[in-house]
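Welcome, and thanks for taking a look at this one with us. Below is a short tour, going from the overall fold to single residues.

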Amino acid sequence: MPDSALPLLYSFRRCPYAMRARLALVASGQHCELREIELKRKPAEMLAASPKGTVPVLVLDGGATVLEQSLGVMLWALRRHDPLRWLTPERGTLDDLLALVATCDNDFKPLLDRYKYPARYPASEGSARDDGARFLQGLEYRLVMSAQLAGAHATLADAALMPFVRQFAMVDKVWFDAQPWPRLQGWLSNWIASELFARAMHKYAPWQAGEPGVDFPPA
């Protein structure tokens, strides 16, 4: 049973925004009480804390502070403890990392949505894939220079982008694997095979009102 003084995290395992937040919590060693939700049945407790109704939501100090954006959760956790140096890239600055994340969220994510859900966006699948591929080609160029996006060790940017690259790859894995992106493909495979990713993606039953959440991250 989690400590009642722990931060409270509402999460949905498959959501890439929640995924990046959980990755940062694992990397920082920050424990919290996790409540896994179902998107079709969002708990009233989560909506009371964050009426926007999206995950992740991190509730701090008994509700005195609520972090409603994935990047905010990542920065909060890593600024408390950053043993893997995710905030200190070997190449560039933290602002450069945040700029790359912003490009992913503002430019690449809409293309991913159009590619993944073509029925919602008629006649856009091919162009969305091509435009998304140009962003991924840029990541390939970065990975020519180093094992991770900003140097030899992973950073906030790697963890923030990886869930969205993973989703893009999964739309048509045969096509993705056939692209001339060996470094990007290897980067993604290494992330997915990592112990850190496995801990972040541990599967939990949906939380029920009146019950405690679970201690996260798992041992």
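A residue counts as buried when its relative accessible area is under 20%, as exposed when that figure is over 50%, and as partly exposed in between. Aspartate 113 has a relative accessible area of 18%, so this residue is buried. Please keep in mind that you are looking at a predicted model. With that cut-off in hand, here is the picture by topic.

**Overall fold**

- The protein chain holds nine helices and five strands.
- Reading from the N terminus, the order of elements is β-α-β-α-β-β-α-α-α-α-α-α-α-β.
- The chain is as compact as a globular protein of its length, because its radius of gyration of 18 Å is close to the 17 Å that the globule rule gives for 219 residues.
- Along the principal axes, the C-alpha atoms fill a box of roughly 50 × 40 × 30 Å.
- Of the contacts with a separation of 6 or more, 69% are made by residues 24 or more positions apart.

**Surface and charge**

- Buried residues account for 50% of the 219 residues in the protein chain.
- The accessible surface of the chain is about 10600 Å², and carbon and sulfur atoms contribute 53% of that area.
- There are 25 positive and 24 negative side chains, and the centres of these two sets are 4 Å apart.

**Helix α3 and its cover**

- Helix α3 spans residues 70-80, and its buried residues are Ser70, Val73, Met74, Leu75, Trp76, Ala77 and Leu78.

**Aspartate 113 in helix α4**

- The buried aspartate 113 belongs to helix α4.
- Its side chain makes a polar contact of 2.9 Å with the side chain of lysine 109.

**Leucine 8 and strand β1**

- Leucine 8 sits in strand β1, which covers residues 8-11.
- With a relative accessibility of 14%, leucine 8 is buried.
- Leaving aside residues up to four places away in sequence, leucine 8 touches Glu33, Arg35, Val57, Leu58 and Val59.
- Tryptophan 187 is 179 residues from leucine 8 in sequence, and their C-alpha atoms are 31 Å apart in space.

- Glutamate 211 is located in the loop between α9 (195-200) and β5 (214-216).
- Its relative accessibility of 44% makes glutamate 211 partly exposed.
- Although 176 residues separate glutamate 211 from arginine 35 in sequence, the C-alpha to C-alpha distance between them is 9.6 Å.

**Backbone points to inspect**

- The peptide bond between valine 55 and proline 56 is cis, with omega at about 5°; proline 56 is in the loop between α2 (44-49) and β3.
- Another cis peptide bond runs from phenylalanine 216 to proline 217, with omega near 0°; proline 217 is in the segment after β5.
- Aspartate 61 has a positive phi near 55° without being a glycine.
- This aspartate 61 is in the loop between β3 and β4, where it is exposed at 67% relative accessibility.
- Arginine 85, also not a glycine, has a positive phi of about 60°.
- You will find arginine 85 in the loop between α3 and α4, and its 44% relative accessibility makes it partly exposed.

Key: Residues are numbered from 1 along each chain as its sequence is written. This is a predicted model: local features need pLDDT of at least 70, side-chain atom pairs count only at pLDDT 80 or more; totals for chains, interfaces and linings use all residues. Side-chain values use heavy atoms; hydrogens and water are left out. Helices (H or I, at least four residues) and strands (E, at least two) are DSSP runs, numbered from the N terminus. The radius of gyration is taken over C-alpha atoms; the globule rule is 2.2 Å times the number of residues to the power 0.38. Buried means under 20% relative accessible area, exposed over 50%, partly exposed in between (1.4 Å probe, protein chains only). Contact means heavy atoms within 4.5 Å. Accessible areas come from the Shrake-Rupley method with a 1.4 Å probe; for residues, only the protein chains shown count as cover. Lys and Arg count as positive and Asp and Glu as negative; His and the chain ends are not counted. The place of a charge is taken as NZ of Lys, CZ of Arg, CG of Asp or CD of Glu. A polar contact is a pair of N or O atoms within 3.5 Å; within protein, one must be able to donate a hydrogen and the other to accept it, and residues adjacent in sequence count only if both atoms are side-chain atoms.
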